[in-house]
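Thanks for coming. I will take one structure today and go through it chain by chain. Please have the picture open while I talk.

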Amino acid sequence: MVILADDAQLYTIEGVAAGMIMLLTAYLVLNTTSVFTPGDVHIVDMQLEQTVSDALAMMDTPDYAGGRSNLDRYVHNATSDAAGKQPFHNMFTGYLQKKTGTLDTPVTDLQYRAVVYYRVEATNETANYTFSSSSYWHDIDPINYPDGRDYLGREPAVVATRWVSYDKDHSHSVGLPWDNRRQMLLLEVMVWRG
Amino acid sequence: MERMNDEAQWIVLMGFIVSIGIFFLAVIISQSTTVGQTTSEAVLEFPKSEILDLRSEALSLANEWKANPSLGESAKRAKILEDIRIIAMARKNAVLTLSISPQKLDDDPFDLSVVTIHFNNGVTVYDEIHTEYITK
C-alpha cells in the first residue's frame with residue numbers, strides 16, 4: 001500500500017474553502033441578474049393611482065354637509081358639453097396637474113378617459129357611455145387644450161373608480177343613455193402618461 | 001508536515017472580514033428592488049379607495065332611507081342595490097352585496113339603520129356590519 005503524502009493539508013483546506021466561496025458568489029451573482037426598470041416595480045403606478053383616486057374623492061366631496069358634490073352635478077349633465085364634460089375636464093385635469101405658483105409643470109402629459117358604467121334594467125347587463133377624455137377636448141379646441149392627445153407611453157395605465165348616485169329629480173341634461181330612474185352609476189377613469 | 005508561513009495573519013483576517021461585509025451589503029442591495037416592488041404591488045392590489053367610496057355611498061343611502069317603505073319604494077331600493085351588485089361584478093370582478101335595513105325606534109331620539117357590506121374580489125375580502133344612527 002502506498003503511503004499517501006500528507007503535506008500541505010492546510011493549503012488543501014484553504015483551497016476547498018475558497019472554491020466554495022467562489023461558487024456561492026457566482027450563484028448569487030447569476031441569481032440577481034434580472035434587470036429592474038422603474039416601471040417594473042410599480043411604484044409610479046401606485047403614486048398615479050393614488051393621485052387619481054384623490055382627485056376623484058376631492059371632486060366628489062360636497063362643499064357643505066348634505067350638499068351635492070361637483071362630480072355628482074357633472075355626471076347628471078353627462079351629455080352636455082357646457083354643464084358636464086367641460087367643467088369635469090377642467091377640474092379633473094386641474095387636480096392632476098397642480099402647479100406650484102405660476103411655474104409650468106414639466107409634466108402635463110397625463111391623459112385620461114372617463115367612462116360611466118350603468119345597468120340596463122331590461123337586459124340586466126352593464127352598458128357604458130364615454131363621458132369625457134383628454135383627446136375629446138383637444139380635438140374640439142386644440143389651442144386651449146394643447147395637451148390632450150391619445151399618445152401612449154411606456155408605463156402602464158391605471159384605473160380609478162367612483163360610485164355616483166343618480167337621482168332623476170335633480171336637474172340633468174337631456175339624452176342621458178341610462179334609464180331615468182334613481183340608480184347607482186360607476187364612473188371609471190383610466191389615466192396614463194402619454 | 002511542512003511548516004506554514006504564518007506571518008501577516010492580521011492582514012489576511014482583515015481582508016476576510018471586509019470581504020464578508022461587502023458580500024452581505026451586496027445581498028441587501030439585491031433585495032431592495034424586490035422589496036419596493038412587492039410593497040407597491042400590495043398597495044395596488046388592496047382596494048382601499050374602492051372600499052372607502054363604497055362605504056360612504058352605503059352610509060348616505062342609509063341616512064336617506066326611512067323604515068317601513070311602501071312597495072314601490074322597496075322596489076326602487078332593490079334596484080339600486082342590484083345596480084351596485086351587477087356593475088361591481090362586471091367592472092371590478094368583485095362579489096359586492098349591500099343590505100340596508102332601516103328601523104324606526106319610537107322611544108329614542110334617533111332611528112337606526114343596519115348596513116352590511118360584503119366585498120370579495122378574490123384577493124381582498126371585506127365584510128362589515130355597521131349600525132348607523134340617524135337623528136330624527
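Predicted model: local features only at pLDDT ≥ 70, side-chain atom pairs only at ≥ 80, totals over all residues.

Let me begin with chain A. How many helices and strands are there in chain A? Chain A has 5 helices and 4 strands. Starting at the N terminus, the order of elements is α-α-α-α-β-β-α-β-β. You can follow that order on the screen.

Next, its overall extent. Chain A has a radius of gyration of 29 Å, whereas a compact globule of 194 residues would be near 16 Å. Along the principal axes, the C-alpha atoms of chain A fill a box of roughly 105 × 45 × 35 Å. Of the 194 residues in chain A, 27% count as buried. As for contacts in chain A between residues at least 6 apart in sequence, 61% of them join residues at least 24 apart.

Now to a pair of helices within chain A. Helix 2 of chain A covers residues 43–59 and helix 4 of chain A covers residues 81–96. Their axes come within 9 Å and cross at roughly 135°. Helix 2 and helix 4 of chain A are therefore oblique to each other. The crossing of these two helices is right-handed. Which residues make the contact? On helix 2 of chain A they are T51(A), A55(A), M58(A) and M59(A). On helix 4 of chain A they are M91(A), F92(A), Y95(A) and L96(A). Sorted by class, this contact has 7 nonpolar residues, 1 polar residue and no charged ones.

Stay with helix 4 of chain A for a moment. Its buried residues are G84(A), K85(A), F88(A), H89(A), F92(A), T93(A) and L96(A). What do these buried residues pack against? Their partners in chain A are helix 2, helix 3 (70–76), strand 1, strand 2 (125–133) and helix 5 (134–140).

V44(A) and P156(A) are 112 residues apart along the chain, and their C-alpha atoms are separated by 9.5 Å.

On to chain B. Chain B has 3 helices and 3 strands. Along the sequence the pattern of chain B is α-α-α-β-β-β. The radius of gyration of chain B is 30 Å, well over the 14 Å from the globule rule for 136 residues, so chain B is more spread out than a compact globule. The box filled by the C-alpha atoms of chain B is roughly 105 × 40 × 25 Å, taken along the principal axes. In chain B, 15% of the 136 residues count as buried. Of the contacts in chain B with a separation of 6 or more, 49% come from residues 24 or more positions apart.

Last, the two chains together. How many residues of chain A are in contact with chain B? There are 31 from chain A, in contact with 25 residues of chain B. On the chain A side, at least two residues each come from helix 1 (9–31), helix 2, strand 1 (110–120), strand 3 (158–166) and strand 4 (183–193). By class, that side of chain A has 11 nonpolar, 9 polar and 11 charged residues.

That is the end of the walk.

Terms used:
Residues numbered from 1 in each chain as written. Chains lettered and ligands numbered in written order. Axes fitted to C-alpha atoms, helices over the stretch in contact; angles between N-to-C directions. Parallel < 35°, antiparallel > 145°, perpendicular 65-115°, else oblique. Left-handed = near helix turned anticlockwise from the far one by under 90°. Contact = placed C-beta atoms within 7 Å. Nonpolar A, V, L, I, M, F, W, Y, C, P; charged D, E, K, R; others polar. Rg over C-alpha atoms; globule rule 2.2 N^0.38 Å. Buried ≥ 20, exposed ≤ 12 C-beta atoms within 10 Å, placed from the backbone.
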